[in-house]
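This report sets out computed features of a two-part protein model. The sequence and structure are shown first.

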Amino acid sequence: MKYMLIMRATDEAFAAMGDIDFTEMLETIGKFNDELIRAGVLLAAEGLDDAAEGVVVDYSSADPVVTDGPYGETKELFNGYYILNVASKEEAVEWAKRMPMTGAGFKTEIRRVSTIDEFPQDNVWIQKERAWREATGQL
Amino acid sequence: MDRHEGRAAVAAVWHIESARIVGALARYTGEFTLAEDLAQEALAEALVTWPRDGVPRNPAGWLLTVGRRRAIDGFRRRAALDDRYAALARELGEGGVAAGSDPADPMRVAEQVLWDPDRIDDDVLALMFVACHPVLLPEGRVALTLRVIGGLTSDEIARAFLVPTATVQARITRAKKTLAAARVPFEIPPAAERAGRLISVLRVIYVIFTEGSSASSGTDLIRFDLAAEAQRLARVLARLLPDEPEVHSLLALLELTAARFPARTGPEGEPVLLEDQDRRRWDRSAIRRGRAALARAERARRGLGIYGLQAAIAECHAVAPSVADTDWDRIVLLYEALGRLAPAPVVEVNRAVAVAMARGPAAALPIVDELEAAGELANSHLLPSVRGELLIRLGRTDEARAELHRAIARCGNARERSVLERKIELLDPGTVA
């Protein structure tokens, strides 16, 4: 069985994250990730890029309607995910339009997955994580 | 808290933490078997109090404290008879809850003493080596590993292996007695012994996975939870011994084999043969992880061992778009290498299948006939089912039918039996096998 741990935060909690020292946050998350690896349970872990960079495809009308994120309602259920390797955001949107589960209420939010290269490479926890990712083919 | 919820919470914590708790207690007491008993006592106490009082904020610390307190109580009881233990009890009791001092937070004291992050990895590794010690019978190694490293209860192990709980308990008791009688120390074996002992650890994980991925009896073809536990154990071991290529090879083999699980059974739980599997259902991320682990084993440039060769075979299947487009020549070579490294009739049967795919059934039949003549695999359905398949392809229908009937008579798994029956039906259209 595999589970995804979906990290969700209220707007206030998300804003408060700005007050935490970034290096400290990396260490906290790094240690937690390391625990998961030690326990043999971590298969893949990804952080999502800024919601403002996201896109929403709404199937409520006959043709899918594409709007820029972030979306207004925050009570939607996040009930699955795909990771696609595509060349551009537009290509990802195109694949989303072809999703088989469509109709009123069905939406796909498209978010870029950030890569380890975007983190400070001199951070010891980032270096550890890079070594693990290289060893397990997660890069 | 609901009683069932409480028990489930205990079970979840236990599955995650048991290895580290038993390991820490073993380092503390110097005795593996005592540590296992203490940990089980702590677990029993948790099962009583957590559902009643709620799960403590630091469950692992709670279990450790209880285990440590029981250890001190035990040493005290034995102290009257043994001065050595009296000295030990004093030493261990210093600053601890049972010594009469009154620390503000007993959980933290236990953690400081036992939860040494620099030693936890060594504790878990030592635990694996002790649980898989060659002095134990194979079934004892499996039961002990699932119990102390996997954190499975005797009931869970019994369900996984379809044996009575009492049998599992007896195996664990006997294994612990054997370890105590042989005075097996709680330690990572010295470098000279390491390689030999590692073979036993790898073997145990492999046996657990095999039982989960191809049930030897019963009606379910695959017991995913058991296979998944073996994969987890292999990942833990790979994390603990990153420089041992054969550990990565084993992990690769398990990942690449498990990658096919989603396609291996149909909607009714019936087995689906490799050639009929929908390869789109194979777990791509598991394949990626498996290939990465295999590449890591290969980078050591020490040659592939028995798990590495099997993983390389599994990789050939994983990357092939279809049965026809599989690199069967490479698979034949890999089976030949495997046969030299670990000669076994089952390897020969698999080689015969690969030869049949690469060069046709006529080239493969002599390999199977030779095994038959040597009286190999006399109780297994494997040989007659492969022989039957080869004969079908050669158009020797009557002989094929007889072989398939022999295979059915020997097959213990109901799901696999129905596949064989269907093959006979296809041979004799309109009749019932």
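## Basis of the values

The model is predicted: local features need pLDDT of at least 70, side-chain atom pairs count only at pLDDT 80 or more, and totals for chains, interfaces and linings use all residues. Residues are numbered from 1 along each chain as its sequence is written, chains are lettered from A and ligands numbered from 1 in the order in which they are written, and side-chain values use heavy atoms, with hydrogens and water left out.

## Chain A

Chain A contains four helices and three strands, taken as DSSP runs (helices H or I of at least four residues, strands E of at least two, numbered from the N terminus). Their order along the sequence is α-α-β-β-α-β-α.

Of the 139 residues in chain A, 22% count as buried, where buried means under 20% relative accessible area, exposed over 50%, and partly exposed in between (1.4 Å probe, protein chains only). The chain exposes about 10100 Å², with 57% supplied by carbon and sulfur atoms; accessible areas come from the Shrake-Rupley method with a 1.4 Å probe, and for residues only the protein chains shown count as cover. Among contacts in chain A with a separation of 6 or more, 63% are between residues 24 or more positions apart; a contact means heavy atoms within 4.5 Å.

## Interface of chains A and B

Contacts between the chains involve 13 residues of chain A and 13 residues of chain B. About 1200 Å² is buried between them, and carbon and sulfur atoms give 43% of this area. Buried area is the accessible area (1.4 Å probe) that two parts lose on being put together, summed over both. On the chain A side, A:Arg38, A:Leu43 and A:Ala135 lose the most area to chain B, together 39% of what that side buries.

Four residue pairs are in polar contact between the chains, both residues at pLDDT 80 or more. A polar contact is a pair of N or O atoms within 3.5 Å; within protein, one must be able to donate a hydrogen and the other to accept it, and residues adjacent in sequence count only if both atoms are side-chain atoms. Helix H2 (22–38) and helix H4 (124–136) of chain A are the elements giving two or more residues to the side that touches chain B. H2(A) gives the most, with four residues.

## Salt bridges

A salt bridge is a side-chain nitrogen of Lys or Arg within 4 Å of a carboxyl oxygen of Asp or Glu. The whole structure holds 30 salt bridges over all chains, and three cross the interface of chain A and chain B. One pairing of side chains joins B:Arg20 to A:Glu35 (3.2 Å, N to O).

Within chain B, B:Asp37 and B:Lys176 form a salt bridge with their closest N and O atoms 2.6 Å apart. This pair links helix H2 (residues 32–53) to helix H9 (residues 165–181) of chain B across 139 residues. B:Asp37 is partly exposed at 36% relative accessible area, whereas B:Lys176 counts as buried at 12%.

B:Arg235 and B:Glu255 also form a salt bridge, at 3.3 Å between the closest N and O atoms. They lie 20 residues apart, in helix H11 (residues 224–240) and helix H12 (residues 245–258) of chain B respectively, and both are buried.
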